[in-house]
Amino acid sequence: MTAEIITEVTADAADLSVWPASTLPLPHGDLAVGGVSLAEAAARFDTPLYVLDEGEVRGRCRMYRDAFPEAEVLYAAKAFLSRAMVRWVREEGLGLDVCSAGELELAVTAGFPPERIVLHGNAKSPRDLETALRLGVGRIVIDGPSEIARIAAAVGPGERQKVMVRVVPGVSAGGHDKIRTGTDGQKFGLSPTDGSAQHALARILDQPSLELTGLHCHTGSQISEVKPYLVALCRMIGLMARLRDAHGITLPELDMGGGHGIAYRPGEPALDPTALAGRLRAELVEGCAAARLPLPRLFVEPGRAVVGPAGIALYRVLAVKHTGEKVFVAVDGGMSDNPRPALYGARYAPRLVGRRSTARVRAVTVVGRHCEAGDVLAADAELPGDVRPGDLLGVPVAGAYQLSMASGYNLVGRPAVVAVHDGGARVLVRRETLEDFRVRDIGV
Ligand code: LLP
């Protein structure tokens, strides 16, 4: 390796902290992820392209298993789901959290054991419940009073369905108002404050076809501190003790939901799952001892923290426009593959890939190709001043809630997903084509 390349490697390595652990700088500003050159992947599979580092996903699953050896770790499928993802999660020993018949059916038909799946949802459709009971889902999380009789009536004769109850923990936490679910006044769960949680729990206990296994809570998403989880845990233990006093039952399970925050840009705070596990365990042991309750089995439901950092979005620059003070770098994707900046003001750190530039870095706005001004992918992105059409941009931490929330806006078509591993690349989900839109459009 020449001295020039070594200098390049050292300089590049400094700001790869939010990229997958397998990321390596290559000559000419290219990067390898999972042993695959991103510039070559873009050329071979076209752009926009989502690259998923299989080793990073598996490594993160293992990290969770090691951090929570006694708990059931459920991967929250809403972050990203495909058949390969189902297989990786199963092989790494995690369970699954789903919230629709679609996610459930995809998982089970891809070989995931239904008894290790938990079904959520504030508005479960008849099809959701029919699919859950038909496939033998492990647990259904009851989110509202009307579900109790519906599920009880749908359970087959002589059978019992395990259920949990989603309780509002009364804790406000999360990266944005739209993803805070821990307090009264939002659509999820049953509140212990107004007694609706206690009322629902009593009714469930009266249903012979329902087996109440535990309480569930999910405070919010993109939470970077342990404290909100500890406060929520205390409240759940308090409610479990009150249930024991009122009904003489002790619940064997407690699901603390997901929401574990990650860094999207270098230097941003992230939740450390190992620290969270240790503090939750200590609080659980202490709280249950104080309330004279046996230790319930803990469940956690990380989605973003499993798959987010494993994904990279690759875009080709189509146009660069200087308007007054601003520079707009427009790429071939946008809010149809990543609505997160428009929805939550999410921030990303794109990077020029596959070309080495010596131009001074400047702040630009990376925008998409869609027909609205809010179609921004990265505000204040630091890119070399000579970025030009044809350049390739890589956006790290693109694995969660981008493709799973992608849309058909402007009939641009959703990008392909390629898995990279040990130097090999393979398509997991093919690119959406005009033909796909045509096939669905059957009217005249
Ligand atoms: N469990 C439940 C019941 C949930 O509602 C969620 C996320 C999770 C687990 C997983 O949360 P995670 O660990 O992935 O933060 N679209 C938003 C995030 C919405 C999260 C919805 N529920 C975003 O792009 O930030």
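Predicted model: local features only at pLDDT ≥ 70, side-chain atom pairs only at ≥ 80, totals over all residues.
Residues are numbered from 1 along each chain as its sequence is written, and side-chain values use heavy atoms, with hydrogens and water left out.

**Stop 1: the aromatic pairs**

A pair of aromatic rings is described by the distance of the centres and the angle of the planes. Rings of Phe, Tyr and Trp (its six-membered ring) pair if their centres lie within 6.5 Å, and planes under 30 degrees apart count as stacked, over 60 as edge-to-face and the rest as tilted. The structure holds 2 aromatic pairs. Select Tyr64 and Phe68, which form a stacked pair with 6.2 Å from centre to centre and 10° between the planes. Both Tyr64 and Phe68 are buried, where buried means under 20% relative accessible area, exposed over 50% and partly exposed in between (1.4 Å probe, protein chains only).

Now select Tyr264 and Tyr348, whose ring centres are 5.3 Å apart and whose planes stand at 80°, so this pair is edge-to-face. Tyr264 lies in the loop between β11 (253-255) and α10 (273-290) and Tyr348 in the loop between α12 (340-344) and β15 (351-353), so the pair ties together parts that are 84 residues apart in sequence. Here helices (H or I, at least four residues) and strands (E, at least two) are DSSP runs, numbered from the N terminus. Tyr264 is buried at a relative accessible area of 4%, and Tyr348 is buried at 2%.

**Stop 2: His260**

Select His260, which is found in the loop between β11 and α10 and is buried, with a relative accessible area of 3%. The side chain of His260 makes a polar contact with the side chain of Tyr64 at 2.7 Å; a polar contact is a pair of N or O atoms within 3.5 Å, and within protein one must be able to donate a hydrogen and the other to accept it, while residues adjacent in sequence count only if both atoms are side-chain atoms.

**Stop 3: the ligand**

Show the ligand next, and select Tyr401, where a polar side-chain atom lies 2.6 Å from an oxygen atom of the ligand. At Gly259 a backbone N or O atom lies 2.8 Å from an oxygen atom of the ligand, and at Lys78 a polar side-chain atom lies 3.5 Å from one.

**Stop 4: the second largest cavity**

On a 1 Å grid over the protein atoms alone, a cavity is a set of points where a 1.4 Å probe fits but cannot get out, and lining residues have an atom within 4 Å of a point. To find the second largest cavity, select its lining: Val320, His322, Val327, Val329, Arg362, Val364, Pro384, Gly385 and Val387. Strands β13 (311-323), β14 (326-331) and β16 (361-367) each supply at least two residues of this lining.

**Stop 5: Lys326**

Finally, select Lys326, which is found in strand β14 and is partly exposed, with a relative accessible area of 44%. Lys326 and Asp128 are 198 residues apart in sequence and 48 Å apart in space, C-alpha to C-alpha.

Note on methods
1 Å grid on protein atoms, 1.4 Å probe; cavity = no way out; pocket = protein on both sides within 12 Å on 5 of 7 lines; lining within 4 Å.
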